[in-house]
Amino acid sequence: MLRLALYQPDIPQNAGTMIRMAACLGIAVDIVEPAAFDVSDRHFRRSGMDYLERAAVARHDSFTAFESWRRAAGHRLILAETDGAARHLDFAFQPGDIVMVGRESAGVAPEVHAAADASVHIPMQAGLRSLNVALAAAMVLGEALRQTGGYPPRHGTEP
């Protein structure tokens with residue numbers, strides 16, 4: 001199963017949207033604290049709707065705690081960032097990969113870059129800064145699901 005990691009998320013609406021997406025696609029979510037909002041935040045709850053209860057979400061007190069868990073579990077860490085080394089379309093995703101997105105305001109810390117197994121970017125028009133983090137997560141995870149055959153069957157009817 002693919003996983004999505006949110007590194008110290010700071011916009012509750014984006015976090016709720018990504019968790020909703022993950023619930024719909026059968027992707028587990030790891031939240032690396034500290035988050036800039038409480039899970040009772042109304043914007044977070046509104047954007048995640050009733051999907052928040054259907055998502056498999058694990059919270060980690062710090063990046064150190066997340067990294068210890070990740071290494072013990074044997075997951076690769078793939079950063080999705082604006083200056084990632086490989087295009088997300090060219091990268092070979094594997095089942096069990098964790099795609100991590102950074103904070104909307106500041107990305108990820110240097111120790112996260114150092115710990116990552118790889119980094120990917122979404123090709124964009126020159127001169128534009130970045131996509132919304134929830135949209136970027138959806139695009140990268142969509143490609144990872146396509147490559148790994150990880151999309152869930154449609155309403156239980158497809159193989």
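Me: Why does Glu33 count as buried?

Reply: Its relative accessibility is 15%. The cut-offs are under 20% relative accessible area for buried, over 50% for exposed and partly exposed in between (1.4 Å probe, protein chains only). Glu33 is therefore on the buried side of the line. Do keep in mind that this is a predicted model, where local features need pLDDT of at least 70 and side-chain atom pairs count only at pLDDT 80 or more, while totals for chains, interfaces and linings use all residues. Residues are numbered from 1 along each chain as its sequence is written, and side-chain values use heavy atoms, with hydrogens and water left out.

Me: What makes the pair of Glu33 and Arg59 a salt bridge?

Reply: The term asks for a side-chain nitrogen of Lys or Arg within 4 Å of a carboxyl oxygen of Asp or Glu. Here the closest N and O atoms are 2.4 Å apart, and the pair qualifies. It ties distant parts of the chain together: Glu33 sits in the loop between S2 and helix H2 (42-48), Arg59 in strand S3, and 26 residues separate the two. Arg59 has a relative accessible area of 42%, so the label there is partly exposed. Side chains of opposite charge can pair when their charged atoms come close.

Me: How many salt bridges does this rule give?

Reply: Eight salt bridges. Two of them involve Glu67, which meets Arg70 at 2.7 Å and Arg71 at 2.8 Å, N to O.

Me: Why are Glu67 and Arg71 about one helical turn apart?

Reply: Because the two are four residues apart in helix H3. Glu67 and Arg70 lie in this helix too (residues 63-73), three residues apart, again about one turn. As for the names, helices (H or I, at least four residues) and strands (E, at least two) are DSSP runs, numbered from the N terminus. The labels for burial go both ways here: Glu67 is at 9% and so is buried, Arg70 is buried at 2%, and Arg71 is exposed at 55%. Shared partners join Glu67, Arg70, Arg71 and Asp117 into one network of salt bridges.

Me: How do you know that S4 and S6 pair?

Reply: Two strands pair if DSSP finds at least two bridges between them. Strand S4 (residues 77-80) and strand S6 (residues 98-101) have four, in the parallel sense, and the pairing holds. Within S6, Met100 is the residue opposite Leu79. S1 and S2 also pass, with five parallel bridges; Ala5 has Asp30 of S2 as its bridge partner.

Me: What makes S3 and S5 edge strands?

Reply: The open sheet has seven strands in the order S3-S2-S1-S6-S4-S7-S5, with parallel pairing. S3 (57-60) and S5 (86-87) each pair on one side only. Helix H1 (residues 12-25) packs on this sheet and touches S1 (3-7), S2 (28-32), S3 and S6, its direction making about 170 degrees with that of S1. H5 lies across S1, S4, S6 and S7 (118-121), at about 160 degrees to S6. Contact means heavy atoms within 4.5 Å; axes are lines fitted to C-alpha atoms, for helices over the stretch in contact, and angles run from 0 to 180 degrees between N-to-C directions.

Me: What makes S2 mostly covered?

Reply: Five of its five residues are buried. Ala28, Asp30 and Val32 point one way and Val29 and Ile31 the other.

Me: Why is Leu135 called partly exposed?

Reply: Its value is 43%, and the label follows from that. Leu135 belongs to helix H5 (residues 133-148). Together with Met124, Leu128, Leu131 and Met139, it makes a nonpolar surface patch of about 420 Å². Patch members need over 30% relative accessible area and no salt bridge; like charges are joined within 9 Å, nonpolar side chains (Val, Leu, Ile, Met, Phe, Trp, Tyr) within 5 Å. The areas come from the Shrake-Rupley method with a 1.4 Å probe, and for residues only the protein chains shown count as cover.

Me: What stands out in the backbone at Gln8?

Reply: Gln8 has a positive phi of about 40 degrees although it is not a glycine. Most residues other than glycine have a negative phi, and most peptide bonds are trans. The bond joining Glu33 and Pro34 is cis, with omega about 5 degrees.
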